[in-house]
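Take a look at the model before reading on.

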Amino acid sequence: MSIVLSRQQIEYFGIPIEYELTIKKVKNLNVRINEEGKIFVSANKNISNEQIKSFLESKAEWIIQKMAELERYNAQKPDNEIYTGKRLYFLGKAYSAVVEEGNRNFVEKTDDTIIITVLSGYDSEKIKKVYKKWLISQCEVIFKTVVDNVYSMVREENIPLPEIHIRNMKTRWGSCKVSSDLITLNMQLIKTDIKCIEQVVLHELIHFIVPNHSQNFYYYLNKYMPDWKERKQAMEEKYKDGIF
Ligand SMILES: [Zn+2]
């Protein structure tokens, strides 16, 4: 059990440090900064506000330095290489890549890392090839599940259950070919979260009812997913890691 108290703030030599405080079963006090530069503090219920504030003051130098690093990182356009420490997105979450040499090519995902093991040599193209193969295998399973789920939402519209193709596309998230009962989904979608993927799938499925983007099309989109706009926006703004 945890309780989010609220947003709080301390000032360190005139620099405001805003944080979100959560009371939960931790030993003492923890501070964490996420990749967007949000600061999270967790404390157990016996720790006073004063103790929290002085703890944060003692950590302020570190926090300010970390925030500056993040700002620099986020200002850069992500490069298109995979190396140890590179940020990769998978289902809406950021992971840190670990590239290793081993006796076979494979990819393993842990809580916060994606470990890419390649046979002999850190060849950039080879690393990407191994990662791409793994990503596509994940797409095949996950996209199928999402299509099945979204399809069941709109089943009453008498849409055929489409076949799914997966491609790496530069300019669109998805497309559909009504005459062939086919939808094509961009492999890049696997970097976004499930809600974003659902939004794209629903968009394509509705084209089986309304082929263009007329008012009627948006009537159906709003009917089945009133928050489609927010989902679309999240997809355009986040989850870019520059790979493929
Ligand atoms: Zn469309």
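How far apart do the C-alpha centres of domain 2 and domain 3 lie? In this predicted model, the distance between those two centres is 27 Å. The contact between them draws seven residues from domain 2 and seven residues from domain 3.

| Domain | Residues |
|---|---|
| domain 1 | 2-75 |
| domain 2 | 87-130 |
| domain 3 | 133-237 |

Now for helix 2, which covers residues 124-154. Helix 2 has 31 residues and runs 43 Å from its first C-alpha to its last, close to the expected 45 Å. Its buried residues are Ile127, Val130, Tyr131, Leu135, Cys139, Phe143, Val146, Val147 and Val150. What covers them includes strand 6 (93-102), strand 7 (106-109), strand 8 (113-119), strand 9 (163-167) and strand 11 (182-186), along with helix 3 (194-206).

Zooming out, the chain holds five helices and eleven strands. Its radius of gyration is 22 Å, whereas a compact globule of 244 residues would come in near 18 Å. Along the principal axes, the C-alpha trace spans about 65 × 50 × 30 Å. Buried residues account for 22% of the 244 in the chain. As for contacts with a separation of 6 or more, 42% of them link residues 24 or more positions apart.

Notes: Residues are numbered from 1 along each chain as its sequence is written. This is a predicted model: local features need pLDDT of at least 70, side-chain atom pairs count only at pLDDT 80 or more; totals for chains, interfaces and linings use all residues. Helices (H or I, at least four residues) and strands (E, at least two) are DSSP runs, numbered from the N terminus. The expected span of a helix is 1.5 Å times one less than its number of residues. A residue is buried if 20 or more other C-beta atoms lie within 10 Å of its own, exposed if 12 or fewer, and partly exposed in between; C-beta atoms are placed from the backbone. Two residues are in contact if their C-beta atoms, placed from the backbone, lie within 7 Å. Domain bounds come from an automatic or database domain assignment. The radius of gyration is taken over C-alpha atoms; the globule rule is 2.2 Å times the number of residues to the power 0.38.
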